[in-house]
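Here is a short report for a reader new to this structure. Look over the sequence and the model first, then read on.

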Amino acid sequence: MILDIIAQQASFKGLTFVGTGDFLHPSWMKQVQAKLEIVEEGTFEHPRFGTRFILTVEVEDDRRVHHLIISPSISSAEGLYEEFSKHSKDINLDGRPSLNLSAPEIVEISRDHDCLVGPSHAFTPWTSIYKEFDSISSCYEDQVDKLAFLELGLSADTLMADRLMELESVPFLSNSDAHSPWPNKLGREFNRFELSRPVSSEMIESIREKKGISLNVGLDPKLGKYHMTACSKCYSQFLAKDAEKYGWRCKSCGGVVKKGVLDRVSELADFESPLHPDFRPDYLRIAPLSEVIALALGCSNPRSRKVRRTWNRLIEHFKDEITVLVDADLAEIEETSGPQVALIIGLFRKRQLDIDPGGGGRYGRLKIPEELIKAQRPGGQRTIAEFS
Ligand SMILES: [Zn+2]
Ligand SMILES: [Zn+2]
């Protein structure tokens, strides 16, 4: 995860802007300042690939809940570092430092430095707000009105989160925290903004004003690794009531069973089906292109050479992943990489692929629907037109 590679791979994905991550880490910030050019205060650009960056960091509070902070400038980031370093033992070591501060204290200090702050991956079962608390107000107390956003996380989407009444005035961010720079990890989730200029100050303003985010885009929550309640060792899935009965221990291997995001949302939900506030943008479900190609080619490994060859051909032709997944003409995809890939991308767009849902820390997997497998048997060939 070095800036040159992140910037290059972001352009293949189709991302204009990427969060720097880790802006409290002194040597990472040195890299940001050495490798990137300043477009204007708080907006950085990679000189070769043109990818822009905004200052972001995740921190852990004294209850092990994670919060995302977005900074408008280097001076705000430095001010925050100065303050937080008084309350952290690992701020110079860990990109996501642990702070000996409560959630309300973190919000207050961040806002004193003009930063936006909100809960990270809000529903995941390890280090999120809803793992630890039943409501945002019990976590953020008197600072709850100061939250700028809530990050949905890979295993949840707008349809799930808008079942909670307390989130009706909170903007959602669909970000994914990449730990490797390749397009099957970078930008698994992203936000589309309508801005007059692609700069950090406008992005921050539009989150603050709840009016610039025009689309949240992310994994189908079933592809997330904590969607279902499941064992964290052998990944057997359980109904929440059974898991509770067995004391959150796995019946087959004795491992710890983790409550899935779906069950957690259902527990907290005020509404049976989502109630979206007026400002809430649509949520578009996507998957990494390499996984869609792997499915089309019958490869189990989305990083295999065969998958990469097809991926390269598509990116050379269409420039970036999002275009291929969402916008490109299917006939043109067929010309570039064959009928099978075009067929699967068509099914993907119409949400006709099946998914084996993830849980317990294992990602969900895309599957070709049974009826299509039957249709593909000799004598049963069907054309793309019949499926798309
Ligand atoms: Zn985190
Ligand atoms: Zn197990």
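## Salt bridges between the domains

A salt bridge here is a side-chain nitrogen of Lys or Arg within 4 Å of a carboxyl oxygen of Asp or Glu. By that rule, 2 salt bridges cross the interface of domain 1 and domain 2. The model is a predicted one.

Asp220 and Arg351 form a salt bridge, and their closest N and O atoms are 3.7 Å apart. On the side of domain 1 that touches domain 2, helix α1 (residues 3–13) gives the most, with 3 residues. Sorted by class, that side of domain 1 has 6 nonpolar, 3 polar and 5 charged residues.

The protein chain falls into domain 1 (3–222) and domain 2 (287–388). Their contact takes 14 residues from domain 1 and 17 residues from domain 2. Taken over C-alpha atoms, the domain centres are separated by 31 Å.

Between them, domain 1 and domain 2 bury about 1,300 Å². Carbon and sulfur atoms carry 60% of that area.

## Salt bridges across the chain

The structure holds 19 salt bridges. Side chains of opposite charge can pair when their charged atoms come close.

Asp4 pairs with Lys35, and the closest N and O atoms are 3.2 Å apart. This pair links distant parts of the chain: Asp4 sits in helix α1 and Lys35 in helix α2 (residues 26–35), 31 residues apart. Asp4 counts as partly exposed because its relative accessibility is 27%, a value between the 20% and 50% cut-offs. Lys35 is partly exposed as well, with a relative accessible area of 35%.

## Two further pairs and a network

Glu132 and Arg63 meet through their side chains in a salt bridge of 2.9 Å, N to O. Glu132 is partly exposed at 29% relative accessibility. Arg63 is partly exposed at 41%.

Arg285 forms a salt bridge with Asp157, with 2.4 Å between the closest N and O atoms. Arg285 belongs to strand β13 (residues 282–286), while Asp157 lies in the loop between β7 (150–151) and α7 (158–161), so this pair ties together parts that are 128 residues apart in sequence. Is Asp157 buried or exposed? Asp157 counts as buried, because its relative accessibility is 0%. Elsewhere, a network of salt bridges links Asp134, Lys259, Arg264 and Glu267.

His121 lies in the loop between β6 (116–119) and α5 (129–132). Why does His121 count as buried? Its relative accessibility is 15%, and buried means under 20%.

What is His121 in contact with, leaving aside its neighbours within four places in sequence? The list is Glu58, His66, Thr127, Ser128, Glu151, Leu152 and Gly153.

Technical notes: Residues numbered from 1 in each chain as written. Chains lettered and ligands numbered in written order. Predicted model: local features only at pLDDT ≥ 70, side-chain atom pairs only at ≥ 80, totals over all residues. Heavy atoms only, no water. Domains from an automatic or database assignment. Contact = heavy atoms within 4.5 Å. Buried area = accessible area lost by both parts, 1.4 Å probe. Helix = DSSP H or I, 4+ residues; strand = E, 2+ residues; numbered from the N terminus. Nonpolar A, V, L, I, M, F, W, Y, C, P; charged D, E, K, R; others polar. Buried < 20%, exposed > 50% of the residue type's maximum accessible area, 1.4 Å probe, protein only.
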